[in-house]
Amino acid sequence: MAPTIPDPPEQAPSPPADQAGHVETHGIDFIPDDERHGRAHELFAVWAAPNVSYLSLVVGGALVLMGLGLWQALGVIVAGNLCWAFVGLVAVSGPAAGAPSQVVMRAMFGVRGNRANIALTGWFVSVCYLALSWAAASLAAFSLVDKAGIAVTTGVKVVVIVALAVATLAISVYGHATIVKLYLPFTLALTAVFVVLAGYVLDHVDWGYRPEHPLHGTELWAVVIGGTTLVASAPLSYSNSADFARYLPRTTSPAAVAGWTALGAFVPSVLFTSLGALAGTALDMSDPQTALQTILPGWFKPAFLLAVILGAVCNNAMTAYSSGLALQSIGVRIRRSRSVALDGALGVALTLYALLVSNFLDTVSNLLEIMVALLGPSIAIYATDILWRRNRYDGRQLTDESRGSPFWYSGGVNWAGAIALSAATAVAFTCVHTQMYTGPIARAAGGTDLSLPVGILVATGLYLALTRAPRPAAALRR
C-alpha cells in the first residue's frame, strides 16, 4: 500500500557561513574546525591590496617635506614598516583560537577590560581611518567627474561620497571569503597601475637630492624618529590581523600565517612609500595628487585616479569589516552585517562633514599620530601574550562572557594587561611630539618623539612582570 503520509519536502542546504558571494554569517563567535578553509599564502593578497595605496605616496612625500634627504627618508621607510612584524605575529592567534582579534584580546585585558581597549584601539581608530581614506578617494573621484565634463556641485559630491561608501561596505558586508576572493585581482590591477606610475616618477627623480637646509644633530634625530613613528602608525593600527586568519585550519603553520601577513603588507608599503619619497625630490608633494598629475600623460591620468579610488576601497573594506567586529565585541548586540553598515554610516557622515562643511581632517590626522602612544603598547601586549602562552588559546572559552569565564579574571578585568597598557600609554604620552601636543619628555629632548619605542618597551616589560604567575590551565588549549 502506498504511504498516506507524504515525505517532508526537501530543504535546500544553506550556504556555508563563509562563502564568496554570500553574506558571511559569523561575527565574533567561534569558528568550528569543520568550517575552517583556505591556505596561509592567500593572506599575502589580502594585506597587499590595501597597502598599494595613495596614502603611502602621501607619507613618503611628507618625509621629504619634513627635511629628510632621499636616502634618509628611504631608511626611515624601511625602519617604520618593520612594525608589520607585529601584525604578522598577531595574525597567528586567529587560527589557534578560531576567533577574531577583538575576542582573543580578552585573554590580555579580561571580558570587560577589553571592551574599553577595543572601543579605542579598534572601533574609534577604524572610524577615523574610514573618514581619512574616503576623503582621499573622494577627491580623486571629484577629479574624474570633472574630467568627464560634469560640474562638481555639492549634490554631485554627496552622490560620489555615498557611492564610494556603498561599494566599500558591500564588500565588508559580504565579508571574509569575498575579501579573500577579490583582493588578488585587486592587487594585480593596482600594482599594474602603480608600476606605470613609477616609470614616470623615476624619469624625474633627483638621485642627488639634498634638502635646501640639511638637518643635523638633535634636529635630524628628532625628524628621523618622528618620521619612523609616522610610518609605523599604519601597521600599529592593525591589531586586528587575526580577523582575516581565523578561518584557516587550526593546523596551519604559524610561521606561514605570520610570514604571508607581514610580507603582504611590508612589500607594497615599502615600495609605494618609497615612490612617494622619490617623487618628493622633484615635485611639491604638499598636494600629491595635483603634483603627480603634472608628470603624467593625459591618457594615464584617469587610470591613476581610479587606482587611488580602488586602493581606498580595499583599505576601507577591511577597516569597516573589523570595525563591525569591534562594535560587537564592546557589547553592542547587533548582527555583523548591520554593525558594518552602522560604522560605515558614521564614517560617511564624518567624510561629508570634512569635505563639505569644515576641513577637520588635519585634526583627525594629528589625533591618530598621538594615538600611537596607545596603539604601540596595545599591540605590544598582544604580541607578548601570544609568545607567553605559546599561541595556545581556547576559542570557545574566549567567547564566554559570563562571570564563570576563565577570562573574567577580577571583576571582568585582567589587571596585568590593564595596568601595563595604562602605565605604558601614560609614559608614552610624555614622549609625544606632534603639532597638536608635545609631552614634557619630548620637549626636554629637543622635540624628539620617543613615544613609539618607549611605549612598546614599557608595555612589554610591565606585562611580563605582572604575568609571571603560572598560566591558568583553563586559559590554554590542550
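Helices here are DSSP runs of H or I with at least four residues, numbered from the N terminus. This is a predicted model, so local features need pLDDT of at least 70 and side-chain atom pairs count only at pLDDT 80 or more, while totals for chains, interfaces and linings use all residues. Residues are numbered from 1 along each chain as its sequence is written, and side-chain values use heavy atoms, with hydrogens and water left out.

View 1. A search of the whole structure turns up one cavity of 30 Å³ or more. A cavity here is a set of points on a 1 Å grid, over the protein atoms alone, where a 1.4 Å probe fits but cannot get out. The largest cavity holds about 60 Å³, the volume being the space filled by probe spheres set on the points, which are joined across faces, edges and corners.

**View 2. What lines the cavity.** Look for S53, Y54, L55, S133, A136, A137, V308, G311, A312 and N315; lining residues have an atom within 4 Å of a point. Sorted by class, that makes six nonpolar, four polar and no charged residues. Nonpolar covers Ala, Val, Leu, Ile, Met, Phe, Trp, Tyr, Cys and Pro, charged covers Asp, Glu, Lys and Arg, and the others, Gly among them, are polar.

**View 3. D33 with R36 and R250.** Both arginines form a salt bridge with D33, meaning a side-chain nitrogen of Lys or Arg within 4 Å of a carboxyl oxygen of Asp or Glu. For R250 and D33 the closest N and O atoms are 2.9 Å apart. That pair ties together distant parts of the chain, 217 residues apart: R250 sits in the loop between α11 (217-236) and α12 (254-280), D33 in the segment before α1 (42-48). For R36 and D33 the closest N and O atoms are 3.8 Å apart. R36 is buried at 9% relative accessibility, whereas D33 is partly exposed at 46% and so is R250 at 28%. Buried means under 20% relative accessible area, exposed over 50%, and partly exposed in between (1.4 Å probe, protein chains only).

**View 4. R106 meets E401.** Here the N to O distance in the salt bridge is 3.5 Å. R106 belongs to helix α7 (residues 106-109), and E401, 295 residues apart from it, to the loop between α17 (395-398) and α18 (415-429). R106 is buried at 2% relative accessibility; E401 is partly exposed at 21%. Shared partners join R106, R115, R333 and E401 into one salt-bridge network.

Notes:
On a 1 Å grid over the protein atoms alone, a cavity is a set of points where a 1.4 Å probe fits but cannot get out, and a pocket is an open set with protein on both sides within 12 Å along at least five of seven lines; lining residues have an atom within 4 Å of a point. Helices (H or I, at least four residues) and strands (E, at least two) are DSSP runs, numbered from the N terminus.
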